[in-house]
Amino acid sequence: MSAEDTYEGGLRKVARVILLDPQGRVLLLHGHEPDDPADDWWFTPGGGVEGAETREEAALRELAEETGITDVELGPVLWRRMCSFPFAGRRWDQDEWYYLARTTDTHQAAPVAAGLTELERRSIAGARWWTCGELVRAHETVYPTRLAELLRTLLDEGPPARPVVLDTEIV
């Protein structure tokens, strides 16, 4: 059982990954409430820091577990945000760091999630690569909020000199 399945409150340290392919598309996971697939959203790979691992180690581990993608170059922290949301019958309070990562593995069109926890198996419906334009036009819920705008700035200007602190999100 992973730390994600045993989370009992408090501020959870989280590492998330903005994974870009050579075309500048970002990989997002399609999640939903475990008991209500109609309550759905798209989000970046990542999860809680376990034990003594660093956030960088957590980012790479979570990416591998949730997508099967291991051939990545992990870059700097792009953004940080505090968020609080209900999920699976409890409230999650998180301090999230978003790392830039790049992959050249273009045959990972349909990532394979081999290391999902039991909760993740009940709440992740798949993954897909999104262009910035697709995100701008999307009617689906995407986290973090403003991802399309953030991605456009990243693609146009490159990574920020230091992490940008995003607005706190409370759902």
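Let me start with Arg 25, which is partly exposed at a relative accessible area of 26%, where partly exposed is the range between buried, under 20% relative accessible area, and exposed, over 50%, with a 1.4 Å probe and protein chains only. Its partner in a salt bridge is Asp 21, and the closest N and O atoms of the two are 2.6 Å apart; by salt bridge I mean a side-chain nitrogen of Lys or Arg within 4 Å of a carboxyl oxygen of Asp or Glu. Asp 21, for its part, is buried, with a relative accessible area of 5%.

Before going further, a word on what we are looking at. This is a predicted model, in which local features need pLDDT of at least 70 and side-chain atom pairs count only at pLDDT 80 or more, while totals for chains, interfaces and linings use all residues. Residues are numbered from 1 along each chain as its sequence is written, and side-chain values use heavy atoms, with hydrogens and water left out.

As for the overall architecture, the protein has five helices and 10 strands, these being DSSP runs numbered from the N terminus, with helices as H or I of at least four residues and strands as E of at least two. Of its 171 residues, 47% count as buried. If we take the contacts with a separation of 6 or more, 71% of them are accounted for by residues 24 or more positions apart, a contact meaning heavy atoms within 4.5 Å. The protein exposes about 8,600 Å², of which carbon and sulfur atoms supply 51%, the areas coming from the Shrake-Rupley method with a 1.4 Å probe, and for residues only the protein chains shown count as cover.

With strand 6 the pairing is antiparallel and runs over 13 bridges, where two strands pair if DSSP finds at least two bridges between them. Within that pairing, Val 72 stands opposite Thr 103 of strand 6. The two strands form a hairpin with two residues between them, and Ala 88, in the turn, has a positive phi of about 55 degrees. Strand 5 also pairs in the parallel sense with strand 9, residues 164-165, over two bridges, and there Arg 80 stands opposite Val 165. A further parallel pairing, again over two bridges, joins strand 5 to strand 10, residues 169-170, with Cys 83 standing opposite Glu 169.

Asp 95 is buried at a relative accessible area of 11%, whereas Arg 80 is partly exposed at 32%. In another, Glu 169 meets Arg 81 at 2.7 Å between the closest N and O atoms, and here the separation is 88 residues, from Glu 169 in strand 10 to Arg 81 in strand 5. Both partners are buried, Glu 169 with a relative accessible area of 13% and Arg 81 with one of 6%. Elsewhere, Glu 50, Glu 53, Arg 61, Glu 62 and Glu 65 are linked in a network of salt bridges.

Next, helix 5, residues 147-157, in which Leu 147, Ala 148, Leu 150, Leu 151 and Leu 154 are buried. Seen down the helix axis, these buried residues fall within an arc of 165 degrees, so they line one face of helix 5; the arc is that of the directions from the helix axis to the C-beta atoms.

Finally, Thr 67, whose place is in helix 2, residues 55-67. Thr 67 counts as buried, at 0% relative accessibility. What does the side chain of Thr 67 reach? It reaches the backbone oxygen of Leu 63 at 2.6 Å, and a polar atom of that side chain also lies 3.0 Å from the backbone nitrogen of Ile 69.

Conventions. A polar contact is a pair of N or O atoms within 3.5 Å; within protein, one must be able to donate a hydrogen and the other to accept it, and residues adjacent in sequence count only if both atoms are side-chain atoms.
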